[in-house]
Each structure stands twice: as structure tokens, then as C-alpha cells.
Amino acid sequence: MPRADRLAAVNEPLVSRMREFGTTVFAEMTALAVRTGSINLGQGFPDTDGPAAMLERAVEAIRGGSNQYPPGPGLPELRQAVAEHRKERYGLLYDPDGEVLVTVGATEAIAAAVLALCEAGDEVIVFEPYYDSYAAAIALAGAVRRPVALRPAEGRFTFDPAELRAAVGPRTRAILVNSPHNPTGTVFTPEELSAIAAVCQEHDLVAISDEVYEHLTYDGVEHLPIAALPGMRERTVMISSVGKSFSVTGWKTGWICAPAELVRAAQTVKQFLTFTAGAPWQLAAAYALRHELGWVDGLRDALATKRDRLMAGLSAAGFEVYRPAGTYFVQTDIRPLGFTDGLDLARRLPELAGVVAIPTQVFYDRKELGRPFVRFAFCKKDEIIDEAVSRLARLPR
């Protein structure tokens, strides 16, 4: 390598496929909130803890000596609890000894699945806006993302089935499905899921299904896993975690449910990423799945009230607000306030109102589609939401 090229490599050590991924927008906006003393309604983590008995199980596990490597696939207690939950809630049968894999959160599960199933040059369909780790996982695999837009229609975000079909090509390997959907709050309807399933079956594609908000749906809307549709269990990698449902996002404990051959593929990758996940959190998560789903029902009801509280304030401040059917997030259109660029507004919002939000355009390949939208999180204490709403009321109109 010529000396100039070697120097360039030292100055720019990151491989080319990852150079579009610098500091995440979450880190940027959280730092902005800290620097300006603003209320952070950007990053989606709750400011209260999960059920006390579950937390105590983690403490007991640490004090009881569960502090060494657990088995690579995950502790049998958690794998069994996950399999029981899938059966009881969705009627889906998974063998805990070959069809369930414990991961370091859903983010690792997604990365392991994409890395295991996609060759360089393969294509993965994503619904944009998409959670930012999806694009990074696809890039790490050397694969190519093919976006299908979720657009506002009748108060919610949805996709055009014709656009989905048009996105499929000869190198398409998988469709990355996220429902309940972050960042739009959409919960895919049975008809929408059936359209995705039809494309998967027609073109022999795998569905990688991110369902971390599966318990957090509102207004009587039910989450339906795509794996529960006819012909889809055998081609779906079903992913969830303990973090969102039980308000312990820092535990980073997730799982994959899938046919044995897909689990083996993901585990082959996962063993060289983290090998295994923390044992105390696994034991506590197993307890929570068996004993604390009533607590989750209470959380869901409380979040629905917080959602309505924030939506009312955002509407009063002049935003156009889309009512989410799930997740922690409210999506807004900033144009009624006279703004046109969500990234610019998000960077100015601490100065204008003392609040931090997330610009939705960063979750799009086609940035122009997301430019008018800004996302706010409502998984916060009521007094925090009320103060944020009071500050947002100062925005010029």
C-alpha cells in the first residue's frame, strides 16, 4: 500500500460500509438535553422501574451466585418461559431446547439474524422510517436495504402493498418487520401483515420480526405476530425482549423464536458477538414472563393515559399529531407551526422551548419523506410530560 494510502487508512480507520453511521441521533439529542438542561422526550426509556418482585429476583440471583457464564443458548428457565408465553398468548409452539435463543437485547437478535441469513449483496426490505440499528446491521452484513415507505393515511402510518411488491428483486432475502412500529406508533393490521406474508411466501423470503412493543398497544388494538399467519411460522424469526414490556431497558435481555435451522444460524453468529447474556437478568425475566404480566397490563393502561396527555399538549401547541396504537412514541407534523425541517427544529427546540425530541427524517433513506416529522416519547412521569407541554406552548406560531 502506498504511504499516502496507509496514512489515509490511519486517519479514517472505519470500514467504508459503516461510515454513514456516526454518532447516533439518540446520543446527539441526549447530549443536547444535558447541555441545555432541557426535558428529554427523545430517547425511549422509562423513568420508573419495573415490577419490584422481578427486580428482587435479579438481586437474589446475584447474591445466590448466578454470576458466571450461562449456557450460550440462554438459561433453560428463560427459554422455557419464553416458549410458554408464545404458546399461551399467540398459540405458537416453540421447542425451548432448539427453537428459542436468548440474546443481549433485541438489537443483538436483529443483528445476529441479519448477519446469519444475508450474504454480501443480498437485499433486505425495511419499512421506513425504521429503527436505526436495522440499517447498521444490514450494512455490517454487506447487504443492501430496500426501503418501503410508511405514509400518513387516515390518522396513521401505513404502506402501499404495490410498493412492497415492487421492492422485491432477485437478490431479496428478507423483510424486516416491526410491529408495533417504532417510530410511527403504527400496529400493522391483519390485512397489512397478510400482504407482507403473501410476498414472503411468493418469493421465498424470511420475515425478521421485531416485536419488542408487543404488550404495549392501546385503544383495544391487539398485536398479531406475523408468525401466527398461515405458512409463516417456518419462515419467521420472531424477536422480542424484556426491556420495554417490563421497564428494564438497561437489562438488554431479548430472545429469538424461530425454526431450529434459523435459530442455529443466528446462534452461530451470536456466539462470536457476545456468546451469552447476563444470567441474573435471564432468571428475573423468566419470573416476569410467568408472574408479572398483570403488572404489564397496568403499565399499558398508564402509558395510554400518558399518551393522551402528551397528545393533547402537542395539539394545543400547534403540532399535527398522529395517534399511536402502540409503542412509547407520538409522531407529529411540524408544518402547522411554520417549520419544514424536523432536524433543524429538533436542534433548535431546546432553545425555543427547553424540550428535546427526535427528528424522524434520520430514520429514512429518503430523507425528504420524513423531513416534516418529529417524534416525542411519552414513557415519562406525568409531571415531566406536563412541564414539557407547558414549555412547548411557548413555541411561536
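Mentor: Let's start with a term: a charge sits over a ring if NZ of Lys or CZ of Arg is within 6 Å of the ring centre and within 35 degrees of the ring normal. Here, Lys380 lies over the face of Phe45, 4.0 Å from the ring centre. Arg57 does likewise with Tyr287, at 4.1 Å from the ring centre. Mind that this is a predicted model, where local features need pLDDT of at least 70 and side-chain atom pairs count only at pLDDT 80 or more, while totals for chains, interfaces and linings use all residues. Residues are numbered from 1 along each chain as its sequence is written, and side-chain values use heavy atoms, with hydrogens and water left out.

Trainee: How many aromatic pairs does the structure hold?

Mentor: A pair of rings is described by the distance of the centres and the angle of the planes. Rings of Phe, Tyr and Trp (its six-membered ring) pair if their centres lie within 6.5 Å; planes under 30 degrees apart count as stacked, over 60 as edge-to-face and the rest as tilted. This structure has 16 aromatic pairs. Take Phe157 and Tyr322: their centres are 5.1 Å apart and their planes at 65°, so the pair is edge-to-face.

Trainee: Are Phe157 and Tyr322 buried or exposed?

Mentor: Buried means under 20% relative accessible area, exposed over 50%, partly exposed in between (1.4 Å probe, protein chains only). Phe157 and Tyr322 are both buried.

Trainee: Which residues do ring pairs link into a cluster?

Mentor: Phe26, Tyr131, Tyr134 and Phe363.
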